[in-house]
Each structure stands twice: as C-alpha cells, then as structure tokens.
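Here is a short report for a reader who is meeting this structure for the first time. Please look over the sequence and the 3D view before reading on.

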Amino acid sequence: MTAIVSISDVSKTYASGFTALKNISLDIHKGEIFALLGPNGAGKTTLINIICGIVRASTGHISADGHDIIDDYRKARFKIGLVPQELTTDAFETVWATVTLSRGLFGRGQNPAHIEKILKDLSLWEKKDSKIMTLSGGMKRRVMIAKALSHEPTILFLDEPSAGVDVELRRDMWEMVRSLRANGVTIILTTHYIEEAEEMADRVGVINKGEIILVEEKQALMRKLGKKEITLELAQPISAIPDSLAHHKLELSGNGHELTYSYDTQGERTGITTLLQDLAQTGIRFRDLNTKQSSLEDIFVDLVRERS
Amino acid sequence: MNIHAIRAIYKFEMARTFRTILQSVVSPVVSTSLYFVVFGGAIGSRIAEIDGVTYGAYIVPGLIMLSLLTQSIMNASFGIYFPKFIGTIYEILSAPISSLEIVIGYVGAAATKSIMLGLITLGTAALFVPLHIEHPLWMLGFLALTAVTFSLFGFIIGIWAKSFEQLQVIPMLIVTPLAFLGGSFYSIDMLPPLWRTISLANPVVYLVSGFRWSFFGKSDVAIEISLAITLLFLVACLGIVAWIFKTGYRLKN
C-alpha cells in the first residue's frame with residue numbers, strides 16, 4: 001500500500017513541559033479512511049495540528065503525498081484539507097465569502113462553479129448569502145467542511161466531525177465521506193463516536209497518552225480482539241449455576257432467567273457444542289438464544305484500560 | 001509566490017472595511033472634521049501664521065498623520081488579532097502561504113485603508129482651508145511609507161495582544177500622545193529649547209515634519225532625517241515581523 005501521509009518518530013513537548021506525543025510513527029494509506037481513536041487529551045488533535053502546520057513538532061518528520069511538511073510545506077499543505085474540532089468561523093461573513101477565502105488561501109484561483117457544487121452537495125446553497133452567525137450548529141459544521149473542500153484536497157482531516165451534530169446530519173456526513181473516498185480522497189478522522197469509526201473506517205489507530213498503541217484493519221481488529229457472547233434465556237429460573245457447568249464460566253443474571261457464555265471467536269474450539277450438551281444433560285432448557293459480538297467501543301475501552 | 005492567497009486575504013479584509021463603512025470610514029472623517037472646526041476654526045483664527053502658513057492649513061499634515069498612524073495601527077492590529085481571537089487563524093497557519101505573503105495581504109489591506117482615509121481626510125480639510133501641496137509626489141510617498149510602516153507596527157501589536165484591552169493599550173496610551181506631542185498642531189520650533197530637544201526623541205516629530213515639508217516646503221527637521229527615521233522604523237518593524245514568524249511567537253506552539 002502507498003503511504004500518502006508518513007509520520008516518523010514525531011514527538012511534541014510543549015513549553016510547559018507537557019509531552020503530548022511520544023515517538024509517533026504511522027503511515028496512512030492512499031485512498032483509505034483511517035480512524036484515530038483515543039480518549040480526551042490522548043494527542044489526536046495535536047498530531048493532526050502538527051501535520052497541518054498549526055503546531056510545530058519537537059522531533060520527527062512528516063510527509064504528505066511525498067512532500068516534507070516543513071521543507072516543502074507549500075506542496076504538502078496544498079494537498080491537505082482540515083475540518084477542525086471547534087466551530088471557528090467568521091461569524092459576520094457570508095457562507096460564500098468565507099468559502100471563497102479558503103479556496104484562495106490554499107492557492108486556487110476563483111472557481112464559482114466548484115464552490116457552488118460543494119455548497120449544493122452540503123445542502124448549503126440556499127444559505128450562501130447568509131451570515132454564518134445566523135446558521136445552526138449543524139450548518140456551521142457543514143460550512144467548515146465546505147471550507148476544507150474548497151481547494152480540492154486529496155487528504156482530508158476530520159477532527160471530531162460529528163461533535164454536536166444531530167443523527168441525520170451525521171448520516172449525511174458519512175455518506176459524503178464515502179463519496180469523497182470514492183473520488184480518491186484519503187480521509188483521516190478522529191472521533192469519540194466509536195460507531196462512526198465502526199461504520200466508516202478501513203483501519204483504526206488507537207492513541208493513548210501520546211502513544212500509538214495499536215494500528216489495525218478494522219475488520220481484523222474486531223476479529224482478533226472481538227469477543228462473542230451467547231445469552232440463553234432459560235425456560236425455568238435457576239438459583240445458582242450447577243457444579244456440573246462450573247467449568248464453562250457462565251454468568252447468571254436476569255433473576256436466574258439468563259445464562260451468558262463468552263468465547264473467543266479466534267479460538268480453535270469455542271466450546272459451544274459442549275456447553276449445549278452439558279445443559280441438556282443437566283436438564284436445563286432454554287426458550288431463546290441471542291449472540292452478541294464486541295463492538296469497536298468495547299475493544300477500545302479494553303485496550304485503553306489495559307495500557308493504563 | 002501564492003498570489004491567490006495574498007489576493008484572498010486582501011479582498012477579505014477590504015470587504016470588511018466596506019461592510020463596516022460607518023466605523024471604518026465615516027467615523028474618522030467626522031472626528032477629523034471636528035478637529036478642523038475646533039483647532040482650525042474656533043482656536044486657529046486667533047493664532048498667528050506659522051512659517052507663513054495660516055494655522056488652519058498648518059495643522060492639515062499633522063491631522064492627516066494623526067489619522068494615518070491611528071488607523072494604520074488599528075486596522076492592521078484588528079485584522080490579525082480577530083482571527084486569533086475567534087480561532088480562524090488555524091486556516092492561515094495551515095495554508096500553503098509564506099509569512100511574507102501573510103504580511104503583504106494583511107498589511108497591504110490595512111495600509112490601503114489608511115491611505116484612503118488619509119486622502120479622504122485631505123479632501124475634508126480642503127473644504128475648510130485653502131490648500132496648496134508643494135511636493136505632491138513626496139506627499140503621496142510619505143503617506144504610503146507611513147501607512148505601510150505603521151500597519152506593520154499594528155500587525156505586530158495584533159500578534160502580541162492577548163485581549164482587546166491590550167490591542168488598545170499601545171495606540172491609546174503611546175501612539176496618540178506621541179502624535180499630539182509630535183508637532184501635529186504646532187511647530188516644535190515654538191517650544192522652549194529644552195522641550196524642543198526632548199521632542200526630537202519623539203519619532204512622530206520626524207513623520208509630521210517630513211509630511212509637512214511635502215505640503216509647504218518647510219519643516220522642523222531636515223527632510224533627509226525625516227525620511228531616514230521613517231525608513232529605520234520600517235526596517236525595525238520588518239525585523240520584528242520576521243522574528244515573529246521564525247519563532248512562531250504567539251502564533252504557533
């Protein structure tokens with residue numbers, strides 16, 4: 001896979017002495033959607049800000065589409081679009097004026113047709129002459145995206161894109177991100193919404209306390225670290241788990257009505273067949289059976305807890 | 001050079017001027033007119049000619065310079081401080097634009113605005129007093145040089161300031177007093193010898209004197225010295241701006 005963003009040994013220590021990033025090395029593949037997950041203060045935004053030129057790295061090198069972000073900053077930044085976490089907009093400007101400014105700043109000549117297309121794609125066309133201060137939070141978020149896309153970047157950073165956005169807009173945004181990816185744009189997003197990463201990402205990176213603790217294909221990660229549970233709804237409640245079933249490590253819940261069995265999906269033997277045979281021999285009958293797989297959120301929480 | 005970026009910043013800043021036309025243009029013109037009414041008309045009619053020039057006409061260069069200094073500083077400092085304050089500075093910092101291009105965009109727009117105001121003030125003055133400009137090209141040159149220099153100074157203040165209060169401190173407490181005491185309304189030759197000597201430490205004296213020379217061909221200090229001091233201040237401001245971008249002072253962590 002070709003790396004479109006290459007991060008090598010990047011560290012950041014602020015003047016206060018706080019170390020936000022510790023020797024981060026990471027490659028983002030061309031055309032992928034990469035989700036960077038991490039708790040508050042993990043270093044996600046610092047990393048993005050360094051790549052985009054807003055914060056200076058203390059050590060290390062970064063290249064964007066083959067261009068060093070310091071020595072060849074013009075070419076590197078030209079490729080990058082950033083939607084920051086905060087809704088920082090020129091409140092007194094119109095949507096059209098602020099998006100036009102962004103395009104110019106990134107070295108593109110005027111192209112009203114392109115800006116019109118972006119505004120229409122983001123359902124902002126009707127608001128093009130409105131001052132940003134009159135827009136809702138969701139609309140302002142769209143304006144931020146329009147600004148980031150105005151110069152036709154090939155790498156797009158979305159820093160917490162769904163913060164403060166309603167469900168409908170979030171779904172629209174996911175659609176837009178997929179469509180951008182289909183057009184060859186590489187997308188790197190940070191998010192607190194694990195659902196977002198689960199829904200969209202090709203690969204997931206987990207960052208905690210300034211260190212990358214895991215980078216993995218999302219599906220592989222879920223397969224590798226995912227646990228599965230079977231919950232049996234019993235026909236008759238039981239007061240305790242019989243000794244003959246003790247070795248299955250079951251959990252009894254629901255006032256004796258539910259037995260839960262956890263197993264590793266990667267294991268050679270899941271133990272399900274034996275469990276069902278033992279249940280039949282013990283005379284425990286069940287009315288229903290549910291299975292549940294660990295979500296990315298469960299995996300993320302486990303990982304962060306493990307490393308803390 | 002990222003010409004598109006310079007143009008974008010320049011147009012964006014100029015658009016703000018025209019959107020806030022009352023604050024940007026009308027207000028300074030009204031206040032300058034009031035100076036003419038009070039100093040030029042009411043008080044000036046009782047003051048004898050200075051260097052063969054009526055008092056009303058004599059104060060015109062000083063008034064224009066006063067307006068030019070304060071407007072250059074205010075426009076440029078606000079222009080760069082406001083994106084810092086609301087957070088949109090992220091876009092400037094992440095754009096493929098050099099520090100020189102940022103300065104040309106912001107300082108160019110601020111200087112354009114203050115030159116426009118200077119010329120409007122001059123036009124307003126012409127309604128009150130008869131004016132003859134002896135060296136019009138030098139007058140325009142001084143106008144542009146002072147506007148650019150003090151817009152750079154304002155740009156530095158805008159980056160340095162952490163609050164709107166700090167943004168006002170230097171223009172209000174340093175520049176305005178220096179402008180008033182820098183011979184805007186009088187010739188420093190009218191002062192007692194000690195105060196005349198002290199006044200020579202005031203850089204505004206050289207600006208006003210040089211500018212006044214372009215109007216009347218007479219000055220408090222030699223035109224060459226006025227020009228040299230102004231250029232020296234310009235170079236100092238350029239040096240500070242270059243240092244700011246090199247170190248990221250109050251712009252980048």
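## Where chain B meets chain A

Between chain B and chain A, ten residue pairs are in polar contact, with both residues of each pair at pLDDT 80 or more. The model is a predicted one.

Which helices of chain B supply at least two residues each to the side that touches chain A? They are helix H1 (3–19), helix H3 (55–86), helix H4 (89–94) and helix H10 (223–247). H1(B) gives the largest share of that side, with seven residues. By residue class, the side of chain B that touches chain A holds 14 nonpolar, nine polar and six charged residues.

Contacts reach across from both chains. On chain B, 29 residues take part, and they are in contact with 30 residues of chain A. Together the two chains bury about 2600 Å². Of this area, 57% lies on carbon and sulfur atoms.

Charged side chains also pair up here. The rule finds two salt bridges across the interface of chain B and chain A. A salt bridge joins the side chains of Arg74(A) and Glu101(B), at 2.6 Å from N to O.

The table collects values for the interface.

| Interface item | Value |
|---|---|
| Chain B residues in contact with chain A | 29 residues |
| Chain A residues in contact with chain B | 30 residues |
| Area buried between chain B and chain A | about 2600 Å² |
| Salt bridges between chain B and chain A | two salt bridges |
| Polar contacts between chain B and chain A | ten residue pairs |

## Chain A as a whole

Now to the build of chain A. Its secondary structure comes to ten helices and 14 strands. Chain A is more spread out than a compact globule, because its radius of gyration is 24 Å, well over the 19 Å that the globule rule gives for 308 residues. Along the principal axes, the C-alpha atoms of chain A fill a box of roughly 75 × 45 × 35 Å.

How much of chain A is buried? Buried residues make up 47% of its 308 residues. Consider next the contacts in chain A between residues at least 6 apart in sequence. Of these contacts, 69% join residues at least 24 apart.

## One residue in chain A

Asn49(A) sits in helix H1 of chain A, which covers residues 44–52. Is Asn49(A) buried or exposed? Asn49(A) counts as buried because its relative accessible area is 19%, and buried means under 20%. Beyond its neighbours within four places in sequence, Asn49(A) is in contact with Ile54(A) and Val55(A).

Key. Residues numbered from 1 in each chain as written. Chains lettered and ligands numbered in written order. Predicted model: local features only at pLDDT ≥ 70, side-chain atom pairs only at ≥ 80, totals over all residues. Heavy atoms only, no water. Helix = DSSP H or I, 4+ residues; strand = E, 2+ residues; numbered from the N terminus. Buried < 20%, exposed > 50% of the residue type's maximum accessible area, 1.4 Å probe, protein only. Contact = heavy atoms within 4.5 Å. Buried area = accessible area lost by both parts, 1.4 Å probe. Salt bridge = Lys/Arg side-chain N within 4 Å of Asp/Glu carboxyl O. Polar contact = N/O pair within 3.5 Å; in protein donor to acceptor, adjacent residues only side chain to side chain. Nonpolar A, V, L, I, M, F, W, Y, C, P; charged D, E, K, R; others polar. Rg over C-alpha atoms; globule rule 2.2 N^0.38 Å.
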